[in-house]
Amino acid sequence: MKITAIAPYAGLGELIQDVANQKELGNIDIVQGDLQQGVKIAIEAEKQGTDIIISRGGTAERIKQHVTIPVINIEVSGFDLLRIITLIKDTDNRVAFVGFPAIANAVSSVSQLIDVNLDIYAIDDEHHIENQLRLLKEENYTFVIGDVITVQLAEKIGMHGLLLTSGKESVLSAFRQAEETYRTVEKIKQERDTYAQILQDLNQHTIIADKYLQLRSLSTPPIPLPTPFIRRIAAAVFQFDQILVEVVYKNRFYRLNAHQLGSQQVVIELLEQEAPSKSLPSISLVADPNASVYLSSNHEEVQLAIEQAEALREQLTPLVIIGENGTGKESLARYIHTSDTAAFLRIDGAAFPIALLPYLAIVLEDGGTLYIVNANKIEETTKEWVEKQLKVKIPFRIILAMNNKTSDRIPTKFKTLHLPPLRERKEDIPNLIRLFISSFNSEYGMQIAGISDDAIQLLESNPFESNIIELSRIINKAVRKEETAYIQDTTIANIIDELQDQSKTVIDITGSLADIETQIIQAVWLEEKKNNSKTAERLGINRTTLWRKLKEIQ
């Protein structure tokens with residue numbers, strides 16, 4: 001029996017794989033695809049000899065209309081519904097379910113049974129989901145429960161989607177149905193494509209672009225970077241002759257070397273690297289800038305920043321976002337970006353060479369966002385280049401990210417947004433925890449239902465030097481380590497201790513004496529929880545000298 005499992009979200013795919021391993025099913029293909037993409041996968045799977053398809057929800061219903069082989073639907077069990085509703089039962093924010101009628105009726109029954117106030121919106125056509133979500137956003141709903149399409153659309157417009165996931169018991173039931181349907185199948189077909197495996201191991205890609213920016217790949221594996229980005233790189237090389245950079249995309253590192261071949265063609269070579277380059281300028285191409293943008297807050301200053309960002313989404317107003325590391329500067333920038341197709345490029349203002357900035361301007365000629373981190377460290381020439389772009393009305397947006405306000409580094413005409421550190425907005429911690437639990441449940445195929453009050457209190461007392469990033473890292477580990485339905489305070493305490501052990505300070509002694517002194521002062525100051533008296537005592541200097549040096553650093 002050959003099975004193709006089509007998972008609408010990544011965590012379901014991992015859960016299906018776990019169940020398949022448990023049942024020792026070797027001939028199973030697990031592919032991620034939702035709705036129409038899932039249909040295309042199913043059609044191709046049938047052509048390739050698949051006997052049975054397993055999928056879920058609206059994707060399974062669509063597949064049934066386009067294939068002749070049996071389709072087993074992974075049901076959403078009562079326990080699955082109870083788990084997601086339990087996750088939001090204690091929130092004071094408005095919560096709604098948006099999805100297809102079959103599941104909507106079940107959600108309504110369970111929420112009434114356990115007396116949870118949850119508004120239900122049954123949608124027959126997925127094309128109507130986004131309109132319904134926009135209406136809910138106008139009515140100040142914070143959380144939306146639903147299937148993959150609902151969560152994706154919710155995050156796209158700046159709401160928080162909680163994915164209704166299927167648990168292990170539902171996947172086991174689906175496999176039992178598949179086995180009953182094909183009990184007479186005696187032989188499992190094994191087909192392996194040796195050449196496909198060989199090509200999969202290759203990491204070299206060579207692309208030729210003509211003067212019309214039509215691309216031709218000389219390598220069998222698909223081009224790993226988006227085609228529009230490659231075309232714009234070719235356009236830049238036609239104008240400036242050559243570029244050699246590192247491109248980071250989907251957590252992979254590519255050495256991109258592009259140069260002209262005569263006057264009519266550009267050759268682009270992509271070589272995948274095992275680790276980040278220590279010598280090449282780096283461009284990070286954000287794969288899906290609108291995905292997983294967590295924006296909502298009960299803190300007045302964050303609410304103001306979100307409102308200002310909302311007003312700027314349809315404009316190309318240049319921006320500076322100020323906040324400590326991990327406060328959500330990039331999430332806010334990605335929310336302002338809005339586009340599903342235009343590029344979102346991230347570069348380090350402290351390290352990216354001025355000579356390559358004109359290339360990026362051409363790459364972004366079709367629109368997009370140039371997001372510059374460490375902008376408080378940009379050279380004066382880079383600042384002048386940025387200001388020059390604004391004078392010619394460029395077709396893309398420039399957003400600078402700074403850890404602190406350095407007025408002489410902020411070009412003129414830039415609007416400023418500020419995000420406070422997490423330790424100053426502790427009222428947001430419970431909702432952020434819920435979002436992270438839902439996200440990591442989906443990613444890892446886990447079924448964590450919530451977190452204990454003691455664990456929340458422990459987290460609220462944590463200084464969070466790395467802010468939201470640190471909270472995300474802690475919940476990520478907790479979801480994978482917790483052995484009960486609720487994350488306990490002991491689990492959180494162990495993880496915090498573990499992370500503190502891992503964050504022992506390492507001083508880079510390759511810089512100047514002043515640079516080394518700066519690192520030591522910052523490290524001791526953070527270790528002493530920013531207590532100036534204790535820091536000065538450890539360093540053997542008076543508090544006035546320490547205050548002056550901290551001002552210079554900031």
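Me: How do strands E7 and E8 pair, parallel or antiparallel?
Reply: In this predicted model, strand E7 (residues 141-146) pairs with E8 in the parallel sense, over four bridges.

Me: Who is the bridge partner of Val144 in E8?
Reply: Gly161 is the bridge partner of Val144.

Me: What sheet do E7 and E8 belong to?
Reply: They belong to an open sheet of four strands in the order E6-E5-E7-E8, with parallel pairing.

Me: Which strands stand at the edges there?
Reply: Strand E6 (119-122) and strand E8 (160-163) do. Each has a single partner strand, so one side of each is left without a neighbour in the sheet. From one strand to the next, the twist averages 25°.

Me: Which helices lie across E7 and E8?
Reply: Helix H7 (residues 148-156) lies across E7 and E8 as well as strand E5 (94-99), and runs at about 165° to E8. Helix H15 (residues 429-444) also lies across E7 and E8, at about 45° to E8.

Me: New topic. What order do the strands take in the sheet of eleven?
Reply: The order is E10-E9-E13-E12-E11-E14-E16-E17-E18-E15-E19. That sheet is open, and its pairing is mixed. Neighbouring strands here are turned by 25° against each other on average, direction ignored.

Me: How many bridges join E9 to E10?
Reply: Three bridges join E10 to strand E9 (residues 204-210), and the two run antiparallel. Ile208 stands opposite Arg216 in E10.

Me: And which helix lies across E9 and E10?
Reply: That is helix H10 (residues 227-240). It also lies across E11, E12, E13, E14 and E16, and runs at about 125° to E13. Helix H12 (residues 329-337) packs on the sheet too, touching E15, E16, E17, E18 and E19. The direction of H12 makes about 150° with that of E16.

Me: Switching to cores. How many residues has the largest nonpolar core?
Reply: The largest nonpolar core has 51 residues, and Phe229, Leu256 and Leu345 have the most contacts inside it. H10 gives the most to this core, with seven residues.

Me: What does Leu345 touch?
Reply: Among the residues it touches are Phe229, Ile283, Leu285, Leu360, Val363 and Tyr371, leaving aside residues up to four places away in sequence.

Me: What about a second core?
Reply: A separate core of 44 residues includes Val95, Ala104, Val116 and Ile475.

Me: Why would nonpolar residues group like that?
Reply: In soluble globular proteins, nonpolar side chains tend to be buried together.

Me: How many cavities of 30 Å³ or more are there?
Reply: A search of the whole structure finds four. The largest cavity has a volume of about 80 Å³.

Me: What lines the largest one?
Reply: The lining includes Asp80, Arg83, Leu163, Ser438, Asn441 and Met446. Helix H4 (78-88) and H15 are the elements that give two or more residues to it. H4 has the largest share of the lining, four residues.

Me: Why mention it?
Reply: Because most residues other than glycine have a negative phi.

Me: Is Glu24 buried or exposed?
Reply: Glu24 counts as exposed, because its relative accessibility is 72% and the cut-off for exposed is over 50%.

Me: And Leu213, buried or exposed?
Reply: Leu213 is buried, because its relative accessible area is 16% and buried means under 20%. Leu213 is in the loop between E9 and E10, and has a positive phi as well, near 65°.

Me: Last one. Which way do the residues of E4 point?
Reply: In strand E4 (residues 71-74), Val71 and Asn73 point one way and Ile72 and Ile74 the other way, and all are buried. E4 pairs with strand E3 (residues 52-56) in the parallel sense over four bridges. The bridge partner of Arg56 in E4 is Ile74.

Note on methods:
Residues numbered from 1 in each chain as written. Predicted model: local features only at pLDDT ≥ 70, side-chain atom pairs only at ≥ 80, totals over all residues. Heavy atoms only, no water. Pairing = 2+ DSSP bridges. Axes fitted to C-alpha atoms, helices over the stretch in contact; angles between N-to-C directions. Contact = heavy atoms within 4.5 Å. Core = buried A, V, L, I, M, F, W, Y, C linked by side-chain atoms within 4.5 Å. Buried < 20%, exposed > 50% of the residue type's maximum accessible area, 1.4 Å probe, protein only. 1 Å grid on protein atoms, 1.4 Å probe; cavity = no way out; pocket = protein on both sides within 12 Å on 5 of 7 lines; lining within 4 Å. Points joined across faces, edges and corners; volume = space filled by probe spheres on them.
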